[in-house]
Amino acid sequence: MHPNKKSPLKKEAQEYINHNCILANNGFRPYERCDNCSLKVTRCTGMQYNGFILIISLLLLLFMFISDPLLIRINIFTIIAIIVMMGYRVMVNTDELARASFENIQLNNRLKQHSQNLQEEVLKQTKELKELAIHDRLTGLYNRYEFEQRLTSALEDAKKRQTQHVLCYMDLDQFKVVNDTSGHVAGDELLRQLSLLLSNHLSGNTFMARLGGDEFGLILYNHTLDEAKAEAQKILDTVCSYRFTWEDKLFTVGASIGMVAISSECNNTNDLLVSADAACYTAKENGRNQIYTFEKLDVELAKHRNDAEWIDEIQHALDEERFLLYGQPIKSLKIGFNTPHFEILIRMKNRDGKIIEPMAFIPAAERFHSMKLIDRWVIKESIYLLREVLDMGYICHFSINLSGQSLSDDTLIDYIKQLFMETEVPHEYICFELTETAAISNLTNALIFIKSLRELGCLFALDDFGSGLSSFAYLKNIPVDYLKIDGQFVKDIHVNKVNREMVRAVNDIAKVMGIEVICEYVENEQILQTLIEMDIDYAQGHYFCIASSIRECIDNNQAEAMKLQKNSEMKI
């Protein structure tokens with residue numbers, strides 16, 4: 001900075017006090033500032049005093065020039081009056097300054113108290129937010145986030161001190177029954193009561209958290225697997241002996257527990273959780289209400305972990321658009337023109353472009369409840385593809401498979417209706433296929449789903465018919481347009497008399513009910529001729545065409561239709 005140039009801060013400091021103001025010069029610092037200095041009251045008497053002193057000085061000088069006793073007296077009275085006025089102003093302003101100072105102190109005290117209260121409230125809210133961040137709101141147990149933090153710390157401790165802890169993954173059995181029969185309010189109350197009960201039975205060196213839904217995680221610190229198994233058995237006995245009552249119903253629940261050691265040999269927490277979950281699933285598969293310990297060379301656990309890896313691959317395939325629509329024609333066995341009909345199938349491409357068959361990933365998707373995502377993708381892509389095909393002047397029907405999990409999706413009906421509105425595809429060109437097992441297992445949801453979409457004009461097929469023990473008993477209650485007979489009855493129908501008569505019986509009952517029959521697994525000419533003799537409506541299988549890209553199926557069907565038409569014209 002230039003030496004002769006004054007700093008703005010210095011200039012402000014110089015202007016802060018008006019040196020012509022007597023009060024400001026004598027150290028008064030009232031609560032507000034005026035335009036000239038730090039003083040601001042009703043009227044700035046500091047400047048007025050300069051005027052008073054000037055007038056008094058002038059009046060005193062008059063004594064040198066006046067000799068009239070009356071004027072002298074008037075002059076004296078005037079001086080006294082001005083001095084009294086000055087004293088009055090000093091008193092008034094001093095009072096105002098004192099009052100302002102007192103109010104200032106009170107205001108400052110209130111501000112301090114308010115600030116203290118605010119700080120206490122902030123600390124309280126911060127503490128509550130920290131509690132909410134690590135606790136489950138429903139049960140009061142720790143949540144999954146805190147559980148994973150503790151699990152990470154336990155693994156680090158095991159590696160650092162060469163100790164061993166044990167991770168348990170617990171899943172309640174029959175919990176869905178409570179939700180389905182008495183509603184989610186009852187299910188929530190069950191979780192609350194059971195969590196409180198288990199918390200009271202835990203030892204001091206056991207950490208428990210709710211991981212989500214009806215799943216719980218436990219970390220047993222400084223336990224061997226045998227010690228942990230004894231502790232887990234107590235927990236299992238507590239759950240199995242618990243009786244939950246809701247209104248007029250009594251429920252019994254159980255639990256399956258998967259167990260894995262937390263040792264220095266473990267790679268990371270994710271592997272621990274996957275292993276414990278796999279062990280828990282195996283416990284369920286083996287009959288529930290039991291404990292299963294993870295072993296590295298266990299075949300069942302290896303399969304479960306492989307399925308878990310498929311879930312990530314499925315999600316990536318959806319994100320990267322690596323799913324493909326395949327199809328297989330459903331051939332009419334009746335003479336005359338029939339609208340082409342294709343069953344929509346799905347395939348996945350791996351990152352190298354190789355086609356993956358559905359049986360490689362569908363079981364994993366069903367096990368880990370990912371079929372809803374796949375079904376929605378197939379439905380959307382199929383309806384939009386059909387719109388393209390119709391725009392090209394080619395009319396056909398698409399049959400779309402639905403899983404049992406999708407039947408439990410309350411939003412799926414509205415999703416499908418929205419797709420129909422967007423594409424304006426005629427409803428009668430879409431047929432939804434439900435397996436007999438899925439329909440019977442979710443009978444209430446299946447009936448709601450079928451009724452809602454049949455009212456629009458959609459068609460329905462009951463797939464794998466005959467695989468259930470009570471197929472005919474349920475058939476009269478499930479309104480469908482097609483029956484697809486289970487392939488195990490068709491693949492050897494030309495040589496197996498029992499299967500042939502079973503198919504004949506299904507076909508006869510279906511005709512009485514006005515339902516058309518489709519037979520799958522038509523692999524050769526002999527099977528086809530047998531079905532024609534039995535007056536079956538439709539056939540499907542490798543004899544006609546193996547599954548291929550749906551676009552390729554449509555192109556081949558068009559070419560075949562044109563060829564037949566050309567041959568017919570040549571004969572004429």
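Is Asp535 buried, partly exposed or exposed? Asp535 counts as partly exposed, because its relative accessibility is 36%. Here, buried means under 20% relative accessible area, exposed means over 50%, and partly exposed lies in between (1.4 Å probe, protein chains only).

## Before we start

This is a predicted model, in which local features need pLDDT of at least 70 and side-chain atom pairs count only at pLDDT 80 or more, while totals for chains, interfaces and linings use all residues. Residues are numbered from 1 along each chain as its sequence is written, and side-chain values use heavy atoms, with hydrogens and water left out.

## Salt bridges across the chain

Side chains of opposite charge can pair when their charged atoms come close. A salt bridge is a side-chain nitrogen of Lys or Arg within 4 Å of a carboxyl oxygen of Asp or Glu. The structure holds 27 salt bridges.

Let us return to Asp535. Its salt-bridge partner is Lys334, with 2.3 Å between the closest N and O atoms. This pair links distant parts of the chain, 201 residues apart: Asp535 is in the loop between α19 (525-533) and β17 (538-539), and Lys334 is in the loop between β9 (331-332) and β10. Lys334 counts as partly exposed because its relative accessibility is 32%. The helices and strands named in this report are DSSP runs, numbered from the N terminus (helices: H or I, at least four residues; strands: E, at least two).

## A buried pair

Which residue does Glu433 meet in a salt bridge? The partner is Lys484, at 3.0 Å from N to O. Glu433 lies in strand β13 and Lys484 in strand β15 (residues 482-485), so this pair ties together parts that are 51 residues apart in sequence. Glu433 counts as buried because its relative accessibility is 2%, and Lys484 is buried too, with a relative accessible area of 0%.

## A network and an open sheet

Asp171 and Lys284 form another salt bridge, and their closest N and O atoms are 3.0 Å apart. The two residues are 113 residues apart, with Asp171 in strand β1 (residues 165-173) and Lys284 in helix α9 (residues 269-285). Asp171 counts as buried, at 10% relative accessibility. A network of salt bridges links Asp171, Asp173, Lys284 and Arg288.

Strands of a sheet pair through backbone hydrogen bonds, either parallel or antiparallel. Strand β1 belongs to an open sheet of five strands, in the order β2-β3-β1-β6-β7, with mixed pairing. Its edge strands, β2 (206-212) and β7 (291-293), each pair on one side only. Two strands pair if DSSP finds at least two bridges between them. Between β1 and strand β6 (residues 254-262), which run antiparallel, there are nine bridges. In this pairing, Asp173 stands opposite Gly254 in β6.

## Strand β12 and its partners

How many of the six residues in strand β12 are buried? Five are, so to speak, under cover: strand β12 (residues 397-402) is mostly covered. Strand β10 (residues 341-349) pairs with β12 in the parallel sense over four bridges, and β12 also pairs in the parallel sense with strand β13 (residues 430-435), over five bridges.

Look for Phe398 in β12, which stands opposite Phe342. In β13, the bridge partner of Phe398 is Ile430.

## Cysteines without a bond

How many disulfides does the structure hold? The number is zero, where a disulfide is a pair of cysteine sulfur atoms within 2.5 Å. The cysteine sulfur closest to that of Cys431 is in Cys458, 9.0 Å away, which is too far for a bond. Cys431 counts as buried, at 1% relative accessibility, whereas Cys240 is partly exposed, with a relative accessible area of 24%.

## Out on the surface

Leu54, Leu58, Leu61, Met64 and Phe65 form a nonpolar surface patch with about 590 Å² of accessible area together. Such a patch is made of residues with over 30% relative accessible area and no salt bridge; nonpolar side chains (Val, Leu, Ile, Met, Phe, Trp, Tyr) are joined within 5 Å, and like charges within 9 Å. Accessible areas come from the Shrake-Rupley method with a 1.4 Å probe, and for residues only the protein chains shown count as cover. Leu58 is in helix α3 (residues 45-62) and counts as partly exposed, at 48% relative accessibility.
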